[in-house]
Amino acid sequence: MKKIGIIGGGFTGTMTAVHLIERSAACEITIFNEAATFTRGTAYTPYSDKHLLNVITSKMSAYPGNPDHFLDWVMERPDFKDLDRKLIANAFMPRAIYGKYLTEVWDSALENADGKCIVNVVDQQVTDLDVNNSFITLKLDNGDSMMFDYCVIASGNNAPRNPRIKSPGFYNSPNYFQNPWKEESVLNLTQKPVLIVGNGLTMVDTVISLTEQGFKGEIHSISPNGFNILPHRHIGMKYSKLAEEIKEGMTLLEIVSLANKHIKIAREYGVSAEPVIDSFRPYTQKIWHNFSDREKTTFMSRLRHLWGTARHRIPMHSYEKLQKLQAEGRLHIHSGNLIDINENSNGIEVEYRDRNDGVTKMMTVGRIINCTGPESDFSKLESGLLKNCVDNNILKQDALKLGIVTDIHTYGIIGPDGNAYQNLFTIGGNLRGELWETTAVHDLREQAEKLSQSLASKIMAESAELIS
Ligand SMILES: Cc1cc2nc3c(=O)[nH]c(=O)nc-3n(C[C@H](O)[C@H](O)[C@H](O)COP(=O)(O)OP(=O)(O)OC[C@H]3O[C@@H](n4cnc5c(N)ncnc54)[C@H](O)[C@@H]3O)c2cc1C
């Protein structure tokens, strides 16, 4: 029986296994993930019920071929069954509920399994990997090694990188929280100001949780651009004119002027840029894939933050909470770059350059929470599987260090000889260098289904070969 190792049991790894089980693939699947987050991963194991999905219920099905699967599941639950289906379809559910959904999807796949597929879940980190044409060896945290015929790296979101400052020794402080997805980042607060580094969706969750914990002090956030995070304003509205003008092989400049033209039209009629930007969605992966490295670099340095703000919006009532805090003078959004951070008996002294006036300024806070987003440059990780794989030349990162160089048709990781491995695959956020937008459930569910389909076919073809 063929053995498949899946490294990571968040959405992507879990759904790959679910599809293999549901396809009755005759194989032994082993998923590696810590028990506390298995099936849910980082995103859907939130520490607060106030952390909401940033996508509406009707777009969060785990199954690409059954788009209402999550909505139907929610509507069958006692807490929701008497509510209006259209309301729930357009609502932003707590991420914890989505975590429960994924666990039920997993349990039901196991319950209905026909015994052809053996499943093991191992509560261990995979720390290293060795690959040859015949098998893959995984090394585990506890010192054990295990061998597989096929492996899928579904490692998802890494913790954020420590921002570059003059005195990195600060990062050993107990008042610094590198991982914003852990509850400890908002516990045991004093009323001294808090600095959040980063200005995206995790910043919003962190602000909401600080207030939930009764924090009454000032909250600062700092990011290079200090863009105000935007709410969803036109849910369900479809804009079709831009798509009609998208052509294969358009340059970055052409794409930007196309977007600007349509945003201007929308704004003339009182509509925000939201539906125009969303209408890019079906084309972004192809557009990105066709960009030259130079265009990708320009996008990353000049447009990434603007794009992120336009794409990653928050529910209106979360937005209103942030607006209220800003109006009360309790939340300050800075545009600037950190220079140095030092801690003394007064607190944490932060030196930064304000991008609005170019002046170097100081602020004193009681804690710093890093919300800069998952690190994608594996050489910058302190340790772990991906860093070891890069150091040992098993996989390569793209020029911009966004992910793993991969054949996007087979998801085979491209080895040092430039050829795709036939037995080592990756999907999810590790494809960011190839596809750029490969983070949301909407993208990952298709990848999980497609990869499991091709793994199941390989297993079947090999078994048929053995029999004949
Ligand atoms: C806070 C947050 C909120 C989000 N909200 C939404 C949303 O509302 N809607 C949406 O569509 N998308 C959202 N996303 C995007 C999200 O990344 C995807 O939806 C999805 O959860 C990614 O799943 P994943 O399995 O690829 O990664 P992850 O969820 O990160 O799971 C990867 C798992 O692999 C494990 N792992 C990693 N390396 C190893 C190793 N070496 N050995 C063993 N285990 C390992 C990790 O511990 C983790 O459990 C959100 C992301 C974040 C971070």
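1. In β3, Val 121 is the bridge partner of Ile 31. Strand β3 covers residues 118–122 and pairs with β2 in the parallel sense over five bridges. Strands count as paired if DSSP finds at least two bridges between them. Strands are DSSP runs (E, at least two residues), as are helices (H or I, at least four), numbered from the N terminus.

2. The model is predicted: local features need pLDDT of at least 70, side-chain atom pairs count only at pLDDT 80 or more, and totals for chains, interfaces and linings use all residues. Residues are numbered from 1 along each chain as its sequence is written, and side-chain values use heavy atoms, with hydrogens and water left out.

3. Strand β1 (residues 2–7) runs parallel to β2, joined by six bridges. Ile 6 stands opposite Ile 31 in β2. From β1 the chain crosses through α1 to β2, a right-handed β-α-β crossover. Right-handed means that, with the strands pointing away from the viewer, the path from the first strand over the helix to the second runs clockwise.

4. Five of the six residues of β2 (27–32) are buried, that is, under 20% relative accessible area (1.4 Å probe, protein chains only).

5. The ligand is surrounded by 31 residues, each with a heavy atom within 4 Å. Thr 12, Asn 33, Tyr 44, Asn 54 and Val 126 are the closest.

6. A ligand oxygen lies 2.8 Å from a backbone N or O atom of Asn 54. For Thr 42, a polar backbone atom is 3.3 Å from a ligand oxygen. Helices α1 (11–22) and α14 (441–467) each give two or more residues to the shell.

Conventions: A polar contact is a pair of N or O atoms within 3.5 Å; within protein, one must be able to donate a hydrogen and the other to accept it, and residues adjacent in sequence count only if both atoms are side-chain atoms. Buried means under 20% relative accessible area, exposed over 50%, partly exposed in between (1.4 Å probe, protein chains only).
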